[in-house]
Amino acid sequence: MTLLSANNLTLQFDTDEGRITAVDDVSFELSPGEVLGLVGESGSGKSVTAKSLMQLNPSNAVYGPESRITLRLDGNDIDVLSLKKASELKVVRGGAVSMIFQEPMASFAPAITIGDQMVEQLMLHTDMNKKRASDVSVEMLERVGISDASKRFKQYAFELSGGMRQRAMIAMALSTRPKLLIADEPTTALDVTIQAQVIDLMKDLVSEFGMGIIFITHDLGVIAQTADRVAVMYLGKLVEQGAVRDVIRNPVHPYTKGLLNALPKLDDLDAPLTPIPGDIPSPLERPSGCVFHTRCSVAEPRCQITVPPMTMTGDNHNFACLVAAGEKETA
Amino acid sequence: MSDKPIISARDLSIHFTLRGGFLAPKQVLRAVEGVTLDIPSGSFFGLVGESGSGKTTLGRAFLKANKISRGQAHYFDGEVEYDLENLSKQQLKDYRKRAQLIFQDPYAALSPRMTVRDIIAEPLEVMGLTSTREETDERVREIAAKCRLNLEHLRRFPHAFSGGQRQRISIARALVSNPRFVVADESVAALDVSIQADILNLLKSLQDELGLTYLFISHDLSVVAHICDHVAVMYLGRLVETAPTKDLFSAPRHPYTKALLSAIPSLDPDQRDGGQKLQGEIPSPTNPPPGCKFNTRCPFAIDICRTKEPELEHSGREHDVACHRWQELAEGADAESAT
């Protein structure tokens, strides 16, 4: 059973400099209770992909005609991209789908108390009355490990520390009991010790609430610690996806391999750091063929022309690389 | 290289006075308190800690960008020796050439209205290091080539560059005055992983080529482990542990260092229960706890930790730690690993 499926998602932005491709023919699925890690560097399209699940992209976004996002709730399929009116969109914006953002200071309204913001969304998305919504909110704040929850409930975002704000953000996102949670770099702005606490908390909550999570990050270590499956993106393309163990231990795509080699590893301090050569191309100068060929160490002339199709290797492990596919075949 | 450290700080404190509100008393924020530290000449010296630990404040004090409230800091590079507390105007001018800063955010650090050539040349002109335009151009081209920027790049404006290229421009600007001591404050934190390794390798090769000493401020322990030869760990304005990198990572003494290390997310999906997690958050520096500053979060804290502040003591060759119980805890760990 799938909770969410994205098929052939293509997304472009109309800008003054022309039409920019942000997401190019991306497909993935998510089951209830599963954590899908979406990894990629800046400009890879991971945030834009996640935002399209809630139709949060700005109005200059143009979805490809083939793009489908289907959310399955209680046996009913919802075609997310066909939703237009605010009343229809409610279900993907806070109803069955919630989102946690990277910078909690920017996502809370500064002049409204944490409590009022939590109560407001609960009253909007559930049939709770104000009293019940307050009780549930305080309970959620306690659940995410905020001490003195009833006092924090009455405070403003600036009165909380960074770690506590992110906990409050999580409490708020989960209080409506969403079926799908989108976490966009939820730990990136936090210190490493606080990050460890928040990751632990999120793991506990997944097992308790059983929702599906899309976890966006650029940190492969965080992915290894949280995700069941991982999808690696580069310049709007999905280049590899599979179970987190398979992808991290046996990466196939040269980009995934490169990312892993570029990471400083603590168990081998003398290992040299190997950067991926070159820079990420500007979206205005999108390479033809395989988008990674400009930085790829194994690229062949055909990589500049042919867009590599997704190739299966092993159990549910896909990659998009012509050279690796050729090697797999001959092996 | 000489045996005398390029920077030596003795009991250095930096306090800021916060303006109190209406009827509220003034508060003193003790950003750095009693830090004694030697940065060996020619080293790649890492300074780590969480936000609020005072690492940036300390780094800026070495550049004379923060006032030192108490204690001393000396600079020595083989040619000149300065007491950073008492610099004459002339000396300060000279010191600005010798000590430079590389910023964190390459997007904010470069003026969008200047060409790359002008950005790199500006320090030369401000400091009056070159007399003719030809001389300036010559020097800019030389340092740009070392930072792997080509002549074509020099004519353009920063907006045309990616994050990695911008950071190379920042580095060229910092190094154009031929400094001996460079503070790199979170200089790779804003970069993507694939680019980060490239900048780290560049910093390292420039060090070998130009004989630089770096103070590398970072919150990322795995980066520090790879690039630095010495590491100092700070917590709430105090130095809690300092050691050669290999020692610190193989045998951390301070419970805070241990906690920081175990908090790094492991790349191994089967190692998901990564040891002891640190509870709580760093206390406010305006109201630090008495005794050892770490006692509110330390799993090993006992009575003495809550009353008496531990001194930095030698625990091995070049390995110093400020913890009342490090010996006891080290013996416990040895016994554990023996069994």
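Predicted model: local features only at pLDDT ≥ 70, side-chain atom pairs only at ≥ 80, totals over all residues.
Mentor: Local features need pLDDT of at least 70, side-chain atom pairs count only at pLDDT 80 or more, and totals for chains, interfaces and linings use all residues. Residues are numbered from 1 along each chain as its sequence is written, with chains lettered from A and ligands numbered from 1 in the order in which they are written.

Trainee: What makes residues 133-146 of chain B a helix?

Mentor: A helix is a DSSP run of H or I, at least four residues, numbered from the N terminus. Helix α4 of chain B has 14 residues. Its first and last C-alpha are 20 Å apart, close to the expected 20 Å, which is 1.5 Å times one less than the number of residues.

Trainee: Why are B:T136, B:V140, B:I143 and B:A144 called buried?

Mentor: Buried means 20 or more other C-beta atoms within 10 Å of the residue's own, exposed 12 or fewer, partly exposed in between, with C-beta atoms placed from the backbone. Those four residues of α4(B) are buried.

Trainee: How do you know that they line one face of the helix?

Mentor: Seen down the axis of α4(B), they fall within an arc of 105 degrees, so they line one face. The arc is taken over directions from the helix axis to the C-beta atoms. On the other side, B:E134, B:E138 and B:E142 are among the exposed residues.

Trainee: What makes β2 and β5 of chain B edge strands?

Mentor: Strands pair if DSSP finds at least two bridges between them. The open antiparallel sheet runs β2-β1-β4-β5. β2 and β5 each have a single partner strand, so one side of each lacks a neighbour in the sheet.

Notes. Helix = DSSP H or I, 4+ residues; strand = E, 2+ residues; numbered from the N terminus.
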